[in-house]
Amino acid sequence: MRSKKNSELRTLHSALKRPDLSVNFAGIRLKNPVLTASGTFGYGSEFADFVDLNKLGGVIVKGVSLRPIKGNPPPRIWETPSGMLNAIGLENPGVDVFLDEKMPYLRQFDTAVIVNVFGYSLEEYVGVVERLDGVPGVSGLEVNISCPNVKAGGIVFGTNLKAAFELLSAVRKATTLPVIAKLSPNVTDITEFARAARDAGCDGLSLINTLLGMAIDVRCRRPRLANCTGGLSGPAIRPVAVRMVWQVAQAVPLPIIGMGGIVTGEDALEFILAGASAIAVGTANFVNPRATLDVLSGIESTLREQGAGNLADLVGKVDAG
Ligand SMILES: Cc1cc2nc3c(=O)[nH]c(=O)nc-3n(C[C@H](O)[C@H](O)[C@H](O)COP(=O)(O)O)c2cc1C
């Protein structure tokens with residue numbers, strides 16, 4: 001009788017106790033696993049009316065390049081069933097403006113700042129990475145490898161194993177910061193690219209970036225996007241993303257930031273069970289600017305319901321038989 005009561009009290013106690021959501025991601029301390037997916041949360045200030053940035057595990061900022069980039073002509077966005085296509089073209093003001101105008105704002109908060117970087121040649125990547133090394137408040141770099149190398153006939157770094165390895169090796173050598181390779185899903189076997197990132201010395205992985213897609217207006221017989229093709233994101237891609245995180249988690253021992261269509265805490269926990277240590281919320285921010293906080297409270301309440309005291313214990317714990 002007494003032992004039944006004790007066990008009921010233990011269950012009640014674990015339900016009331018706040019689960020430990022903290023994550024050590026490749027040496028970056030995150031108070032919880034919820035990050036913002038690059039390009040969907042600006043540089044943080046754009047969402048300040050809706051989200052207290054101190055509550056997030058971290059902010060992954062919009063892609064930063066060595067020089068300013070104007071982006072593609074409109075239309076640049078098209079809504080699809082359960083998702084969206086975008087061809088923004090990585091518009092950004094360049095690393096100097098980022099450092100002068102965006103970083104001073106971001107470093108006021110008690111949250112990790114991960115800077116997403118890209119370029120159109122190996123030298124441009126290395127240039128932007130060098131400018132960010134040692135900058136106070138920058139916790140790590142996320143390297144978007146889904147860009148064409150204009151010096152090599154436009155071959156996309158992230159879909160060619162040799163190009164991806166050479167790029168990530170050069171980036172690794174150019175910085176003392178943790179390097180997180182953001183993988184492209186537009187490949188046949190994503191585990192090969194995860195291994196290339198590991199061999200290049202990367203500290204972590206982010207996946208997935210958008211899936212290449214296209215939509216056509218049948219009346220005027222023209223593509224919906226001025227760029228013709230664009231990146232598909234949102235809930236439509238979630239099962240693909242979860243599958244890729246699961247495959248990669250088994251292939252390499254690097255920590256993973258999982259993303260692709262996360263809208264709720266349960267969506268996020270799918271990625272955690274598949275093997276991600278942290279997650280990022282992207283397209284959902286456009287529908288609900290407080291999506292990051294909703295995902296966070298959803299994770300916490302699901303853990304409480306299940307009596308789980310520690311998020312880290314769930315990483316990779318899907319029972320796939
Ligand atoms: C409008 C938009 C802009 C994006 N910009 C970037 C970017 O600058 N760099 C990058 O690595 N990924 C970028 N992404 C990809 C997202 O960070 C994320 O990997 C992808 O959208 C999947 O997550 P989601 O389905 O939750 O949006 C962008 C996505 C969208 C929708």
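1. Helices (H or I, at least four residues) and strands (E, at least two) are DSSP runs, numbered from the N terminus. Please keep in mind that this is a predicted model: local features need pLDDT of at least 70, side-chain atom pairs count only at pLDDT 80 or more, and totals for chains, interfaces and linings use all residues. Residues are numbered from 1 along each chain as its sequence is written, and side-chain values use heavy atoms, with hydrogens and water left out.

2. Next, some individual atoms. The side chain of Asn-116 places a polar atom 2.9 Å from a ligand oxygen, and an N or O atom in the side chain of Asn-144 is 3.4 Å from an oxygen atom of the ligand. From Gly-282 a polar backbone atom is 3.2 Å from an oxygen atom of the ligand. Taken alone the ligand exposes 610 Å², and the protein buries 96% of that (accessible areas come from the Shrake-Rupley method with a 1.4 Å probe).

3. Now the rings. There are five aromatic pairs, counted when ring centres of Phe, Tyr and Trp (its six-membered ring) lie within 6.5 Å; planes under 30 degrees apart are stacked, over 60 edge-to-face and the rest tilted. Tyr-43 and Phe-98 have ring centres 5.8 Å apart and planes at 50°, so this pair is tilted. Because Tyr-43 lies in the loop between strands S3 (34–36) and S4 (58–60) and Phe-98 in helix H2 (residues 95–106), the pair ties together parts that are 55 residues apart in sequence.

4. Finally, the backbone. Most residues other than glycine have a negative phi, and most peptide bonds are trans. The bond from Pro-74 to Pro-75 is cis, with omega near -5°, and Pro-75 is in the loop between S4 and strand S5 (77–80). Leu-207 and Ile-208 are also joined by a cis peptide bond, with omega about 15°; Ile-208 lies in the loop between strands S12 (204–207) and S13 (211–214).

Conventions
Polar contact = N/O pair within 3.5 Å; in protein donor to acceptor, adjacent residues only side chain to side chain.
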